Amino acid sequence: MKMKASPWLARCGVISVTVAVFLLSTTAMADELKKASTGGEEIILADPVNSERVTHVRYSLAINGKLITPATTGTTDWNLSSSAKFEFDQRRFASDSPGPLALRAARQFQEAETSSVVGKDHKNSVVLPAQSRLIHLYGSEMQLIQLSPAVRLTRPQVDLLQFPCDPLVAAGLLPNRNLRDMKEKWNADSGVVPMLTGIDALVSQSATCSLKSLTDAEATIMFDCRGTGAITGSPTEIELTGEMVLDRKASLLRRLNATLKEKRGPGTVSPGLNVTAKIQWEQEIAGGAEVPESISETMPDERQLLLTLVTPWRVLLLHNRNWHIFHETSELVMLRMLHNGALVGQCNIASAPLMAAGKFTPESDYVAEVDKALKERGGRIEASEVAPDLNGWRIHHVRATGEANKKTLVWDYYLCTTKAGEQISLVFSHAEEDERIFAGVADQMLQSLTIRSVRPRITLPR
């Protein structure tokens with residue numbers, strides 16, 4: 001190997017031959033030490049994209065702490081215990097998009113489920129159904145975009161698949177350059193922390209990484225990540241620390257162990273949290289796994305990303321990913337719409353009186369019902385019109401406005417009736433100043449209304 005001149009020697013003028021020989025000998029000794037740990041070259045830590053390779057991942061998550069909900073006297077804390085397990089085969093693909101998180105991948109899940117207990121006995125679980133086990137993933141500015149090529153996902157299923165320290169994203173903690181020595185630290189790209197932790201509106205972030213140990217076979221990398229911002233409209237502070245092991249011969253991240261601490265305030269969509277999460281996963285090269293050899297090279301469009309809302313009745317509809325389920329019972333489903341982390345709209349969905357086939361609630365009766373509801377809010381009716389047949393539905397639309405907190409509010413009431421006499425009510429509300437953001441949202445949901453042959457098998461909690 002060609003010996004580099006010592007920087008100190010380069011700054012000196014004339015020195016004695018004895019000192020020069022001594023310094024050259026110590027430089028040679030340092031080079032030999034470097035050779036012993038790095039093979040005489042700069043340190044390369046990489047997990048490159050290889051579409052020919054399929055890996056198998058086993059992932060587990062355990063969360064403990066407090067869930068925080070608003071109360072008349074402030075907030076109420078509830079004990080929270082939650083766990084999740086995922087097992088899947090994965091193939092990564094190259095992406096033409098710029099940036100280190102320009103990701104494309106296909107996953108075939110064998111297991112994907114989470115369960116939680118809030119308080120003493122309020123239990124909840126979400127399982128990815130068999131028909132949705134094939135998932136395509138794309139990297140975006142903040143979060144991974146996930147969709148099923150076979151069926152549309154629901155909001156709970158999308159939320160289930162957004163787990164912290166995703167192996168695809170963890171590769172972003174590797175340095176994007178060769179290291180000079182083991183003591184060198186590096187910072188991850190600014191987009192890594194939001195993707196690792198779920199932050200969707202970022203205020204600040206940092207990600208410091210360093211080597212804990214290094215051999216020719218593997219490297220152990222420590223990381224310390226911090227982030228502030230918001231998750232589904234709730235302010236959050238997150239600390240993520242841990243280590244991961246890179247198989248240097250296979251150029252593959254083998255495993256990760258991390259601790260995530262989050263303090264999240266109650267928001268307009270989700271409750272607050274004060275929790276600690278333990279995250280572990282292992283990854284190995286899989287042989288004979290059935291994972292697609294290609295997926296679309298372009299990002300999915302808005303239509304492809306629509307989610308299915310399954311109501312407690314026989315009605316299905318599609319909505320964009322800005323909508324989140326805020327409240328759900330057997331009588332009412334309440335959705336809230338976020339834009340850049342801020343609340344911009346709400347939609348209340350409820351069943352309406354069943355009519356005889358070919359019949360519907362008279363227009364005058366519905367207008368009177370809306371007018372009565374508006375008087376409690378100080379609102380007034382602006383218009384009323386009927387669309388006699390929108391994809392088989394009769395839609396009676398009543399628009400109203402009112403004032404609150406020095407803002408003009410807009411309410412859109414829709415009574416939707418099938419030819420068989422089944423009726424459902426949708427009430428949208430938003431500020432007039434957000435009209436541009438909200439434009440077309442109600443029309444898209446109304447045009448997707450569908451009647452199923454049967455009701456849901458599982459009774460929703462009241």
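This is a predicted model: local features need pLDDT of at least 70, side-chain atom pairs count only at pLDDT 80 or more; totals for chains, interfaces and linings use all residues.
Local features need pLDDT of at least 70 and side-chain atom pairs count only at pLDDT 80 or more, while totals for chains, interfaces and linings use all residues. Residues are numbered from 1 along each chain as its sequence is written, and side-chain values use heavy atoms, with hydrogens and water left out.

Start by selecting His 56, which sits in strand 1 (residues 54-71); strands here are DSSP runs of E, at least two residues, and helices are runs of H or I, at least four, both numbered from the N terminus. His 56 is buried at 11% relative accessibility (buried is under 20% relative accessible area, exposed over 50%, partly exposed in between, with a 1.4 Å probe and protein chains only).

Arg 53 meets Asp 47 at 3.2 Å, N to O, and Arg 53 is buried at 15%. For Arg 92 and Asp 47, the closest N and O atoms are 3.1 Å apart. Arg 92 is in strand 2 (residues 74-93) and Asp 47 in the loop between helix 2 (17-38) and strand 1, so this pair ties together parts 45 residues apart in sequence.

Finally, select Glu 243 and Lys 212, whose side chains form a salt bridge (3.0 Å, N to O). Glu 243 is partly exposed at 27%, and Lys 212 is partly exposed at 46%.

How values were computed. A salt bridge is a side-chain nitrogen of Lys or Arg within 4 Å of a carboxyl oxygen of Asp or Glu.
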